[in-house]
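This report describes a structure for a reader who has not seen it before. The sequence and the model come first, and the description follows.

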Amino acid sequence: MKLNGARIIGRSLVEEGVKVIFGMPGGAITPFYDVLPEFPIHHVLVRHEQGAAHMADGYGRASEDVGVCCATSGPGALNLVAGIAAAYLDSTPMVAITANVPTSQIGKDVFQECDITGITLPITKHNYLVERVEDLATVMKEAFYLARTGRPGPVLVDVPKDVLLAETEFVYPKSVHLPGYNPTKHGNMAQIKRAAALIGEARKPVIIAGQGVIISRAEKELLKLAETTGIPVITTLLGIGGFPESHPLSFGLLGLHGMAYANYAVHDCDLIVAIGMRFDDRATGKVEEFAPNAKVIHIDIDPAEIGKNVRVTVPIVGDVKLVLERLNQEIAPSSHQDWVDQIAAWREKHPATEVRESEKLLPQLPIKTLYEVTQGKAIIVSDVGQHQMWAAQLYWYNEPRSFITSGGMGTMGFSLPAAIGVKLARPEKEVWVIVGDGSLQMNVQELATAVQEKVDIKIALINNLCLGMVRQIQDLFFEKNFVATPLTGPDWVKLADAYGVPGLRATKPEEVRAVIERAREIEGPVLIDFQVETAENVYPMVKPGRSLGEVLVG
Amino acid sequence: MKHTLVALMEDRPGVLTRVVSLFRRRNFNIESISVGHTETPDISRMTLVVDGSNTVVEQVTKQLYKLINVRKVSDVTDDPTVDRELALIKVTAKPSTRSEILQIVDVFRAKVIDVSPNALIVEATGQEEKINGLVAMLRGYGIKEMVRTGKVSMVRGMGATRETSGAPASNGNGVAKALNSES
């Protein structure tokens, strides 16, 4: 049967199991919207295309499947860019569909034309400009295959309007033919045996677990590795949730604002078992002095990550789950109690961040209280800044995909739209947004989307009337020269009300618990304006250019 | 140290852009690039000269592999290879200097392929050093214009740089070898 390009996209989405897409119509993409109601796909109408990209990102991270967004040519496609880049840096499986001006007009600078494949070249796993309708089904098949296999990532498919309207016979390919793409899944057995031997010899080993554990669904294998060997587990920011934080072998978060004891452990260890992580600069501190005495076993599906930042003793390219399954067969039961006790002693001396006693409402308090009220069972979607670090430190996560944040790109404005995607992917879960006043303002228009879609997300606004993380940098390193960081925000309760979202407020510590409980009783989106102290800095902190061993505890 | 890499990639629109954009984004310092058709239709071949440490060259290789349209990347630096570059050099040649120039061209086994009253175009093929030597000799006479293709390389003997089943060469032991050579 002959179908036009727009219907071919619709049919392909159905073939790929897509149930929700996030987008906004526009001139060039109208043919697609014209046929969209023919397919069992729910379209979420966003208020800004950046919101669509973050929603697809949130959906992709929470659902273990591909998030899909779409936008029209020119400005529509361009507005996706920050969101696509965030997904790329954090390895989210995502397909972005954009329309473009008709093929005959490409390159003529016509209305709403832009070279979106050129623009997204460095921020996509791959992208396509589809010039013939005959190629469209194959491209869709490949796009989803690339997005979800290997190291996942965003793939963009740009379809000129005339290709959306042109017809061809629709045959959805059963398989892909990509000779240049063949990710290594099974780790090299000789390397795995070498890794097992190193693990057997180590006296002060640590496991650093990254998001690869979660993407590969290897939580059980990681747990087995840790429990069999007695090796303490530290996570990266995106690795949070891959190992239960209530576990006795869990020693928190690594890096710039990680726990002091986690950083001391990594700095002092003699072996790092790095699993599905990429030694990001925010995790390593000064890379030349990172873990100076450690040998490194690095397991990752992306060979380019191995040896990129840190010298590796035993590289293992492969899918984390499959590699850990084999590694677990090679290791002998052991224990490192002295070493674990040492880290615990460091923890005793410099415990994890707690909320200080104060008559003022400190920004950490709502996050800690949220943890207590939800008993750690909510999915937390955080934005970017001080509140993000507190959300990582003060809420304890025991399940994979329960902490969702823009890590690598640090894209402000991520949390509200991402949470809408998360909630649609996991409707059974309680979903909380933790966001600052700077970040929320960046995509606040998506409150309208949440209302229109009746998405039940709760927003904890940590409102400190400033761009807090930048203020902290100014406070510590720029002689308190607070340029362009104070914010005179809107009246958030009134703003929420204008969008049809119930707005609550807390200004004193004793109001925090009640207002959270009140928000949980209300069905649908709720915003809580926590008016908190401005002059609060995030600790622990590794200063720029310093090693993890020099972490400041406040 | 200079490394010579050979990459096989799909010959379709946009692939060269992907490769070049990658070098810029990753801040790789590429000395020369030469691209052309191969014995296989739809596959083009690139010879790259990269100046950098083994770690940098390993990253170039791995990042190239990540491009979906790149089929194979080989570092042929330590292999016995035939290396050639072609140059066209337009040099000022007055009647008084012409015979000197022709002698130089002859010594370098280059060819004169165009003659006009006040200029010659010289075609030279050979290794980079030879071309550099010729250019140095001709510079004194006044080089009006020059174009060089950049190096192309081929491994000697029966072995051929062909696309394999697509498995990354930098898995497991391959990576270990490259990394150990650093330490």
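## Domains of chain B

Chain B is assigned a domain 1 (2–79) and a domain 2 (82–152); domain bounds come from an automatic or database domain assignment. The model is predicted, and local features need pLDDT of at least 70, side-chain atom pairs count only at pLDDT 80 or more, while totals for chains, interfaces and linings use all residues. Residues are numbered from 1 along each chain as its sequence is written, and chains are lettered from A and ligands numbered from 1 in the order in which they are written.

Between domain 1 of chain B and domain 2 of chain B, the C-alpha centres are 29 Å apart. Six residues of domain 1 of chain B are in contact with four residues of domain 2 of chain B, where two residues are in contact if their C-beta atoms, placed from the backbone, lie within 7 Å. On the domain 1 side of this contact in chain B, β2 (30–37) and β3 (43–51) are the elements that give two or more residues. The largest share of that side, three residues, comes from β2(B). By class, the residues on that side of domain 1 of chain B are two nonpolar, four polar and no charged. Ala, Val, Leu, Ile, Met, Phe, Trp, Tyr, Cys and Pro count as nonpolar, Asp, Glu, Lys and Arg as charged, and the others, Gly among them, as polar.

## Fold of chain B

Five helices and nine strands are found in chain B; helices (H or I, at least four residues) and strands (E, at least two) are DSSP runs, numbered from the N terminus. Their order from the N terminus on is β-α-β-β-α-β-β-α-β-β-α-β-β-α. Of the 183 residues in chain B, 29% are buried, a residue being buried if 20 or more other C-beta atoms, placed from the backbone, lie within 10 Å of its own. Among contacts in chain B with a separation of 6 or more, 75% join residues 24 or more positions apart.

Four strands of chain B form an open sheet in the order β2-β3-β1-β4, with antiparallel pairing; two strands pair if DSSP finds at least two bridges between them. Its edge strands are β2 and β4 (70–75) of chain B, each pairing on one side only. β2(B) and β3(B) pair in the antiparallel sense over seven bridges, and B:Ser34 stands opposite B:Thr47 in β3(B). Helix α2 (residues 54–66) of chain B lies across β1 (2–10), β3 and β4 of chain B, at about 165° to β4(B). Axes are lines fitted to C-alpha atoms, for helices over the stretch in contact, and angles run from 0 to 180 degrees between N-to-C directions.

## Chain A

| Domain of chain A | Residues |
|---|---|
| domain 1 | 2–169 |
| domain 2 | 189–349 |
| domain 3 | 364–531 |

The C-alpha centres of domain 2 of chain A and domain 3 of chain A lie 30 Å apart. Their contact takes 13 residues from domain 2 of chain A and 14 residues from domain 3 of chain A. The domain 2 side of this contact in chain A has six nonpolar, four polar and three charged residues.

Helix α12 (residues 260–268) of chain A packs with helix α15 (residues 337–349) of chain A at an angle of about 145°, with their axes 8 Å apart. In α12(A), A:Ala260, A:Tyr261, A:Tyr264 and A:Ala265 meet A:Ile343, A:Trp346 and A:Arg347 of α15(A). This contact of α12(A) with α15(A) has six nonpolar, no polar and one charged residues.

Conventions
A residue is buried if 20 or more other C-beta atoms lie within 10 Å of its own, exposed if 12 or fewer, and partly exposed in between; C-beta atoms are placed from the backbone.
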